[in-house]
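Please keep the sequence and the structure in view while reading.

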Amino acid sequence: MTEQGFFYRDTWAEVDLDCISENVTSVKNLLPPDVEIMAVVKANAYGHGDLQVAETALQAGATYLAVAFLDEAIALRNKGIHAPILVLGASRPEDVQMAVKNDITVTVFQKEWLKMAQPHLKQDQKLSIHIKLDTGMGRIGVRKEEELTAIERLISGDSRLVLEGIFTHFATADELDLTYLQQQIENFRQLLSCLKERPRYVHCSNSAAALRFPEVYFNAVRLGIAMYGLTPSLEMEAEIPFPLNEAFSLRSSLVHVKKMNKGDKVSYGATYESKTEEWIGTIPIGYADGWLRRLQGQEVLVDGKRVPIIGRICMDQCMVRLPAEVPVGTTVTLIGKQQDDFISINEIARKLETINYEIPCIISTRVPRIYKKSGKIVELKNYLLPN
Ligand SMILES: *Cc1c(COP(=O)(O)O)cnc(C)c1O
């Protein structure tokens, strides 16, 4: 398979599915056999591609998928995914029909929500539920014992409701100070102890907790960022028990290369001025692709060497200063390996003063994705021209 005929622009993201597979396998080997992996593939699998990541994670041993919204779950069903899927966020009570029809598990986070959802279920329908407990994240979830027992009573009194799981989410599992985390764990255990019966799935760990705290595995972990090969935080980097493999690369090509004279200007505002004779290259990627304006000055790799982005980044293009003349068509690596050098997602996150999670998420669907396995292209996804 080649890129020819799948996209017509020299900018693409590469997703190495072997990396995803290895990361899931490493986590699986870390976990006891009775702890399942829920692969978190929300937000188009953190920008990597929901279907491709879901299939890869399931093949590598994940048994459950999790997304943020019902639409994301339905999209996976429409693409032929049969594995169980949990919607972590709030669904609308009136949409439980869609969840039932598509065999999707929803999160119950409030008694009132459940009461509003009940009238939307038909007599013979079964709605699979995980209860979300708010033990300190302050986002969604049941906070009080009375509310939890009331929900449990509502569920056991309604044969259409099937309680399959219960979970919570940590606010600080990636930090070195464990005080707040311990408080959350205690709150979780306390609330669990009020249940008449524990459901099949009890889960609280995100990637950070899954990599660090075996005492809170219960029987499933929700694996997001680490599956993509990224460290949940720089703070806990030293505690990662095995190497993580970054799956996401971002590449472009030089589409125009020219010699500029001393004093010639580049890009909007004419803020960049050549100091001597300089070779300037143009690459077709800009802020509309998620390559944000604040990345001005960031280095990219050309022929394995670092060159800076100069002048303002435009919506669709930006310019780099080359050490010498380089042929048009030369590959430019913005994220990933090229020869002996590597630009990590963490490096881009640092430049943007944000966390690594944001970076692949904001690379827009205008950028086609190329999927690789064993170094070979196995699939191409062009969101603009779906085949
Ligand atoms: C996004 C999310 C996760 C995954 O977190 P990572 O830090 O990426 O592993 C797990 N649980 C919930 C509720 C989430 O929203």
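The model described here is a predicted one.

## The chain as a whole

The chain holds 11 helices and 21 strands, and its C-alpha atoms fill a box of roughly 80 × 45 × 40 Å when this is taken along the principal axes. Of its 387 residues, 56% count as buried, a word that here stands for a relative accessible area under 20%.

## The ligand and its surroundings

Which pocket does the ligand take up? The space taken by the ligand is the largest pocket. Around the ligand stand Val 40, Lys 42, Tyr 46, Leu 88, Arg 139, His 169, Asn 206, Ser 207, Arg 222, Gly 224, Ile 225 and Tyr 357, and the residues of this shell divide into five nonpolar, four polar and three charged.

For Lys 42, a polar side-chain atom lies 2.7 Å from a ligand oxygen, and for Tyr 357, an N or O atom in the side chain is 2.6 Å from an oxygen atom of the ligand. In the case of Ile 225 the backbone takes part, with an N or O atom 2.8 Å from a ligand oxygen. Taken alone, the ligand exposes 390 Å², and the protein buries 92% of that.

Gln 298 is found in the loop between strand E14, residues 278-283, and strand E15, residues 299-302.

Asn 382 lies in the segment after strand E21, which covers residues 376-381. With a relative accessibility of 8%, Asn 382 also counts as buried, and its side chain reaches the backbone oxygen of Phe 6 at 2.7 Å.

## Distance along the chain and distance in space

How far apart in space are Phe 109 and Ile 140, counted from C-alpha to C-alpha? The two are 31 residues apart in sequence and 6.0 Å apart in space. Phe 109 lies in the loop between strand E5 (106-108) and helix H6 (111-117), and its relative accessibility of 11% makes it buried. Ile 335, by contrast, belongs to a strand, namely E18 with residues 331-338, and it is buried at 0% relative accessibility. The C-alpha atoms of Ile 335 and Ile 348 are separated by 7.9 Å, while the two residues are 13 apart along the chain.

Glu 72 is part of helix H4, residues 70-78, and its relative accessible area of 19% is under the limit of 20%, so Glu 72 counts as buried. Between Glu 72 and Ala 45 there are 9.9 Å in space, C-alpha to C-alpha, and the two are 27 residues apart in sequence. Gly 141, in the loop between strand E6 (127-133) and helix H7 (145-156), is buried as well, at 16% relative accessibility. Gly 141 and Cys 314 are 173 residues apart in sequence, and their C-alpha atoms are 42 Å apart in space.

Most residues other than glycine have a negative phi. Against that background, Ser 267 deserves a look, with a positive phi near 70°.

What is the relative accessible area of Glu 353? The value is 70%, which is over 50%, and therefore Glu 353 counts as exposed.

Methods: Residues are numbered from 1 along each chain as its sequence is written. Side-chain values use heavy atoms; hydrogens and water are left out. A residue is near a molecule or strand if one of its heavy atoms lies within 4 Å of it. A polar contact is a pair of N or O atoms within 3.5 Å; within protein, one must be able to donate a hydrogen and the other to accept it, and residues adjacent in sequence count only if both atoms are side-chain atoms. Accessible areas come from the Shrake-Rupley method with a 1.4 Å probe; for residues, only the protein chains shown count as cover. On a 1 Å grid over the protein atoms alone, a cavity is a set of points where a 1.4 Å probe fits but cannot get out, and a pocket is an open set with protein on both sides within 12 Å along at least five of seven lines; lining residues have an atom within 4 Å of a point. A molecule sits in a cavity or pocket if more than half of its atoms lie within 2 Å of its grid points. Ala, Val, Leu, Ile, Met, Phe, Trp, Tyr, Cys and Pro count as nonpolar, Asp, Glu, Lys and Arg as charged, and the others, Gly among them, as polar. Helices (H or I, at least four residues) and strands (E, at least two) are DSSP runs, numbered from the N terminus. Buried means under 20% relative accessible area, exposed over 50%, partly exposed in between (1.4 Å probe, protein chains only).
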